[in-house]
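This briefing goes through a protein structure topic by topic. Please keep the sequence and the 3D view open while reading.

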Amino acid sequence: EVGELRVGFVGAGRMAVGLAQGLLRAGKVPASSILVSAPSEKNLDTWRESGCRTTHCNLEVLQESNLVFLATKPHILPHVLLEIRPAVGPHHIVVSLAAGVSLQTLQRLLPTGTKVLRLMPNLPCVVQAGAMVFALGSCASDREATLLKHLLSSCGLCEEVPEPYINIHTGLSGSGVAYVYLFAEALAEGAVKMGMPGGLASRIAAQTLLGAAKMMLETGEHPAKLRGDVCTPGGTTIHALHQLEKGALRATVMNAVEAATNRACDMAKD
């Protein structure tokens, strides 16, 4: 069933490229079965280099594909939906990547009965280490959910969630990569202050984050348990953690996730 999959992308930006690269690297879809449309030539060269087909016509993507990712900017999406609507049929699975555009809106602007899903990726999808969540529209079923999970597992973690979790995911993971970069920068600057060269400090900070994250995923342990394992009585770590607690690190990060989630909710209302 996946063998006859023809994948289309409406929009050729960085996130779309990341998802396509994941599919290609994992051998899930051949490049010749991917067609992408964008209004200008700007982003299409990258796709051609990978062997994908390109066009300037959104309707052509619908005519040639049965799984279609809508990867345009959110404010352009309603216009695109009205344009492609005549070409959408019951054989299509339509997956929107647009932040803040609800399943209700997508279903209203597409023909009745269209299988619609809403996917929220994050930037590390471009290196196949993304965290993605998706929600099913009223006409999509477990079959579509299974297909999407199977395909996107090559791009990182991919979980099905109720739609209200999508804005929380934006605050936790979509924006969250930036919080982690800020933390990584501070870690490295601390080492520079103590006399280590910047390049080396940055590499070690990045590997430290990668290793810590991998342990969380692979052991399934609560982070508090893993943190406790690093702390020895009277040791270096507990002295350092005391300073982080004084700076209210945990409360500040929780506030950040809350602020970004609330902003995502507000943007969805606009």
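Strand E6, residues 115-120, has six of its six residues buried, so the strand is largely enclosed by the rest of the structure. The model is a predicted one.

**Strand E6 and its two faces**

- In a regular strand, side chains alternate between the two faces of the sheet.
- On one side of E6 lie Lys-115, Leu-117 and Leu-119, and these residues are buried.

**Neighbours of strand E6**

- Which strand runs parallel to E6? Strand E5, residues 93-96, does, and four bridges join E5 to E6.
- Val-94 has Val-116 in E6 as its bridge partner.
- Strand E5, helix H5 (residues 103-109) and strand E6 together make a β-α-β unit, and this unit is right-handed.
- Strand E7, residues 130-136, is joined to E6 by four bridges, and E6 and E7 run antiparallel.
- The bridge partner of Leu-117 is Leu-136 in E7.

**Domains**

- The domain assignment of the protein gives domain 1 as residues 7-162 and domain 2 as residues 175-268.
- The centres of domain 1 and domain 2, taken over C-alpha atoms, are 33 Å apart.

**A nonpolar patch on the surface**

- Which residues form a nonpolar patch on the surface? They are Phe-183, Leu-187, Leu-244, Leu-249 and Val-253.
- Together, these residues have about 360 Å² of accessible area.
- Helix H8 (176-193) and helix H12 (249-269) are the elements that give two or more residues to the nonpolar patch.
- Leu-187, one of the patch residues, is found in helix H8.
- Is Leu-187 buried or partly exposed? Leu-187 has a relative accessible area of 37%, so it counts as partly exposed, a class that lies between under 20% for buried and over 50% for exposed.

**Val-80 in helix H4**

- Val-80 has its place in helix H4, which covers residues 77-84.
- The relative accessibility of Val-80 is 4%, so Val-80 counts as buried, since buried means under 20%.
- Val-80 and Cys-57 are 23 residues apart in sequence, and from C-alpha to C-alpha they are 11 Å apart in space.

Methods. Residues are numbered from 1 along each chain as its sequence is written. This is a predicted model: local features need pLDDT of at least 70, side-chain atom pairs count only at pLDDT 80 or more; totals for chains, interfaces and linings use all residues. Side-chain values use heavy atoms; hydrogens and water are left out. Domain bounds come from an automatic or database domain assignment. Buried means under 20% relative accessible area, exposed over 50%, partly exposed in between (1.4 Å probe, protein chains only). Two strands pair if DSSP finds at least two bridges between them. A crossover is right-handed if, with the strands pointing away from the viewer, the path from the first strand over the helix to the second runs clockwise. Patches are made of residues with over 30% relative accessible area and no salt bridge: like charges are joined within 9 Å, nonpolar side chains (Val, Leu, Ile, Met, Phe, Trp, Tyr) within 5 Å. Accessible areas come from the Shrake-Rupley method with a 1.4 Å probe; for residues, only the protein chains shown count as cover. A salt bridge is a side-chain nitrogen of Lys or Arg within 4 Å of a carboxyl oxygen of Asp or Glu.
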